[in-house]
Amino acid sequence: MGEGLWRLTVADHFSSAHQLRHYQGKCECLHGHNFAVQVQVQGRRLHPELGIVMDFKELKALLKTVLAELDHCNLNEMAEFSRINPSSENIARHIYQRLQTMLPGPEVIMHSVSVAEGPNSVAIYMED
Ligand SMILES: Nc1nc2c(c(=O)[nH]1)N=C([C@H](O)[C@H](O)COP(=O)(O)OP(=O)(O)OP(=O)(O)O)CN2
Ligand SMILES: [Zn+2]
């Protein structure tokens, strides 16, 4: 029988402006979204007394720190998006890679980050 694992999900949001350079259409113009973000991490071990992979509270605080760097900005003016478009795809990868450096240890690893511009448009980033 395979080893079990747990996957935790936390969610938050941020509001920012962006434009998609080279886009043939209205999205090339500066406009804004309330981006909804979901983060999934996973682990194979539980804290022996607490029975948790990682405190949701701690994960939410990490996500809030990363999203604060994006909130109420023109994303195109950020160094991270000076050479690549701040598309939902690239924003999801950026959040994933920032959070990856902040997780508490090797027992908890990133699974995925999803970024939604709205209820019908979601980009999910994960690594093999
Ligand atoms: N794969 C992606 N496609 C598009 C992205 C993106 O990040 N990844 N982004 C955009 C624009 O940001 C645009 O704001 C979204 O366009 P659209 O879905 O058309 O948004 P609307 O608010 O106009 O949605 P309606 O459902 O048509 O009202 C474009 N594509
Ligand atoms: Zn947009």
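Which residue in S3 is the bridge partner of glycine 43? In this predicted model, that partner is valine 108, and the pair makes a handy place to start a walk through the strands.

Glycine 43 and valine 108 belong to the pairing of S2 with S3, which is antiparallel and runs over eight bridges. On to the next pairing: S2 also joins S1, again in the antiparallel sense, over 13 bridges. Here you can look for phenylalanine 14, which stands opposite phenylalanine 35 in S2. As you follow the strands, keep in mind that side chains in a regular strand alternate between the two faces of the sheet.

Now let's turn to the loops. Between strand S1 (6-18) and strand S2 (31-43) you will find histidine 22. Its phi is near 75°, a positive value in a residue that is not glycine. Histidine 22 has 6 other C-beta atoms within 10 Å, so it counts as exposed. Histidine 72 is exposed because it has 10 C-beta neighbours inside 10 Å.

Our last stop is ligand 1. Around it are Leu20, Cys27, His31, Ser87, Ser88, Glu89, Glu117, Gly118, Asn120, Ser121 and Ala123. Sorted by class, this shell holds three nonpolar, six polar and two charged residues. Helix H2 (88-100), strand S3 (108-118) and strand S4 (121-125) each contribute at least two residues to the shell. That brings us back to S3, the strand that holds valine 108, the bridge partner of glycine 43.

Definitions and conventions
Residues are numbered from 1 along each chain as its sequence is written. Chains are lettered from A and ligands numbered from 1 in the order in which they are written. This is a predicted model: local features need pLDDT of at least 70, side-chain atom pairs count only at pLDDT 80 or more; totals for chains, interfaces and linings use all residues. A residue is near a molecule or strand if its C-beta atom, placed from the backbone, lies within 6 Å of it. Helices (H or I, at least four residues) and strands (E, at least two) are DSSP runs, numbered from the N terminus. Ala, Val, Leu, Ile, Met, Phe, Trp, Tyr, Cys and Pro count as nonpolar, Asp, Glu, Lys and Arg as charged, and the others, Gly among them, as polar. A residue is buried if 20 or more other C-beta atoms lie within 10 Å of its own, exposed if 12 or fewer, and partly exposed in between; C-beta atoms are placed from the backbone. Two strands pair if DSSP finds at least two bridges between them.
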